[in-house]
Amino acid sequence: TSATTIELGGNLDVSNTWASSTTNLSLTADAKLSSTAAVEAATLETNGNDFELSSATTDLTLADAFTLSSGTLSTKGGDLIFKGRADISSGATLDASVDSGTGGKLEFRQGGTNAGTINAANSVFKIGSGYVVTGTLKTNSTSSLELGNSNLDLTGATLELGGNVGLDKILTNNQTIFKLAEDATVTRNVGFTVGGIDLGGHTMT
């Protein structure tokens, strides 16, 4: 499918990946995408609807800039790669968590902002350019933060964390809140500032 807009509501099962990254996806209702091969589209317009990758075999790459204005985008273990800027608005949720096992990858190649919620529990959170979070980023002991040479800006954000967490390349300030989902060990080469720590009955060292 080339230079085409697919209006999607319900389930779309893609037996073979479409051949062009100029395909546009536009949701008319809550929708689910299934594929056994990687899929690339130019744009995804959720239009306030929920969108789901059906399983770990469904990997989606979006070539152009993306904004999740409302609703929930769930990856269910699949990889979701943003080649352009990706912005998550307040009240919207990007959910890469899985109920069991290891989740997929959220990759932000050109950075962006998150004023809503990104749940990267059990998953990989990877950036190729600076990413700014003013909302909530959820991680746990099986999350992997792959920041490369870019900064993850959590000034004014809430970080849910657990396990061993390295804070190098992570920016915080006196408006940053750490919320423990499990016991956590935090390391950084230099000092850092946070506005508060919610232990939730767990231990932080």
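The structure is a predicted model: local features need pLDDT of at least 70, side-chain atom pairs count only at pLDDT 80 or more, and totals for chains, interfaces and linings use all residues. Residues are numbered from 1 along each chain as its sequence is written, and side-chain values use heavy atoms, with hydrogens and water left out.

Start with the whole chain. The C-alpha trace spans about 50 × 30 × 25 Å along its principal axes. The radius of gyration is 17 Å, which agrees with the value near 17 Å for a compact globule of 205 residues. That radius is taken over C-alpha atoms, and the globule rule is 2.2 Å times the number of residues to the power 0.38.

Now the make-up. The chain has 23 strands and 0 helices. Both are DSSP runs numbered from the N terminus: helices are H or I with at least four residues, strands are E with at least two.

An open sheet is formed by 6 strands in the order E7-E10-E13-E16-E19-E21, and the pairing is parallel. Its edge strands are E7 (66–68) and E21 (170–171), each pairing on one side only. Two strands pair if DSSP finds at least two bridges between them. Strands of a sheet pair through backbone hydrogen bonds, either parallel or antiparallel. Look at strand E13 (residues 112–114) and strand E16 (residues 131–133): they pair in the parallel sense over 3 bridges. Gly-112 has Tyr-131 in E16 as its bridge partner.

Next, cover and contacts. Of the 205 residues, 44% are buried. Buried means under 20% relative accessible area, exposed over 50%, and partly exposed in between (1.4 Å probe, protein chains only). The chain exposes about 8,900 Å², with carbon and sulfur atoms supplying 42% of it. Accessible areas come from the Shrake-Rupley method with a 1.4 Å probe; for residues, only the protein chains shown count as cover. Among contacts with a separation of 6 or more, residues 24 or more positions apart account for 17%. Contact means heavy atoms within 4.5 Å.

Finally, two loop residues. Lys-76 is not a glycine, yet has a positive phi of about 50 degrees. Lys-76 sits in the loop between strand E8 (72–74) and strand E9 (80–82). It is partly exposed, at 40% relative accessible area. Asn-122, also not a glycine, has a positive phi of about 65 degrees. Its loop lies between strand E14 (117–119) and strand E15 (124–127). Asn-122 is buried, with a relative accessible area of 15%.
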